[in-house]
Amino acid sequence: MLVLTVGALTAATVVALVGPPLFHEHLMHADLRDQDEAILHAEEAFRYASAIALAVAIAAAALASIAVSLVFTRRIGRSLSSLSDAAARVGSGRYDARVAPPEMGPELDEVAVSFNHMAERLQDSDRLRERLLADVAHEVRTPVATITAYLEAVEDGVRPLDATTIELLREQAMRLTRISEDLAAVTQAESGDLHLELCATAPVDLVSSAVGAGRERATESAVHLDGDVQQNLPDLEVDPLRMGQVLDNLVSNAIRHTPAGGRVTVAAGRTSDGGVRFTVTDTGDGIAAEHLPHVFERFYRVDTARDRGHGGSGIGLAISLALTHAHGGTITAASPGPGRGSAFTVLLPR
């Protein structure tokens, strides 16, 4: 309405200021100077006709504009109302709410698509939170139940408090400590509160350290572990302890899921943009395609029973992801399928 009012006032002012002088000058050029009364009458007729025509034109334009505005306003209103209702449902915890694209232009369609993507991410996060709480409860319940059972057995005199019992209790306590430390580490890294001691580090040193740390476990599991480093790789500005933790987690995970006689290789090479690519490959269990997008989530296990039997807490890969992101890098997982091995790749900028 404000635009229409301003437009009408502007048009009326322009017509009143410009129209009569131009019309008068036109009559003067027509050699009608002696017919003053006719000129005045013609000018009055012109002003009257102009005013009527302008009023009718503005009224018609206003009605047409209002009609079109009402149509678009109702369509936009319905779209915004749908978006508002969906936002309210999401705010109340119903993350399955979605909105249809209003088809009112790319901007509103993009808003709808972005909202649906946000709701989907929130829904996935809520599922992950539920699974996280369940897995944490399970991880903590097992050692606590074991400690409680053995302590009750000692109190009842069923089991002596000998070196074997003490060692078992210590192992369960260490398991609880490891779970709490892993959760604290990944939370700290994901929140950005992790302090990194950055220094120039040679990739060959990181690979050698990872191979050396995993050598004993590989020997116990009868797995061949070796390294392969490309020559003349550039130094990296990283925290050697944290990046060593990333590679150690990947190597430990690979050895854990590689049967006796298998092979685990830690390689380092140059990327096309001058960075460094670390790859940990194995000939072990492999990963099915539907599990690949989730292997870096906390407590996610491809085979729950199998992985708990292997002693993994399910947090190592989440820690590796968080630490790699803290260094400005990326980490990905790939596998041809179950029983065909897997490969984890860490890309770090120069």
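Colleague: Across which strands does helix 8 lie?

Modeller: In this predicted model, helix 8, residues 316-326, lies across strand 6 and strand 7. An angle compares N-to-C directions on a scale from 0 to 180 degrees; here helix 8 runs at about 145° to strand 6.

Colleague: In what order do the strands of the sheet stand?

Modeller: Five strands make up an open sheet, and their order is 2-4-5-7-6, with mixed pairing. At the edges are strand 2 (224-229) and strand 6 (330-334), each of which pairs on one side only. From one strand to the next, the twist averages 15°.

Colleague: Which strands does helix 6 touch?

Modeller: Helix 6, residues 240-256, packs on the sheet and touches strand 2, strand 4, strand 5, strand 6 and strand 7. The direction of helix 6 makes about 170° with that of strand 7 (342-348).

Colleague: How many bridges join strand 4 to strand 5?

Modeller: There are seven, between residues 263-270 of strand 4 and residues 276-282 of strand 5, and the two strands run antiparallel. Opposite A267 stands T279 in strand 5.

Colleague: Is N116 buried or exposed?

Modeller: A residue counts as buried when its relative accessible area is under 20%. N116 has 18%, and therefore it is buried.

Colleague: Where is N116 placed, and which residues does N116 contact beyond its neighbours within four places in sequence?

Modeller: N116 belongs to helix 3, residues 106-155. With those neighbours left aside, N116 is in contact with R98 and V99. A polar atom of the N116 side chain lies 2.8 Å from the backbone oxygen of V99.

Technical notes
Residues are numbered from 1 along each chain as its sequence is written. This is a predicted model: local features need pLDDT of at least 70, side-chain atom pairs count only at pLDDT 80 or more; totals for chains, interfaces and linings use all residues. Side-chain values use heavy atoms; hydrogens and water are left out. Two strands pair if DSSP finds at least two bridges between them. Helices (H or I, at least four residues) and strands (E, at least two) are DSSP runs, numbered from the N terminus. Contact means heavy atoms within 4.5 Å. Buried means under 20% relative accessible area, exposed over 50%, partly exposed in between (1.4 Å probe, protein chains only). A polar contact is a pair of N or O atoms within 3.5 Å; within protein, one must be able to donate a hydrogen and the other to accept it, and residues adjacent in sequence count only if both atoms are side-chain atoms.
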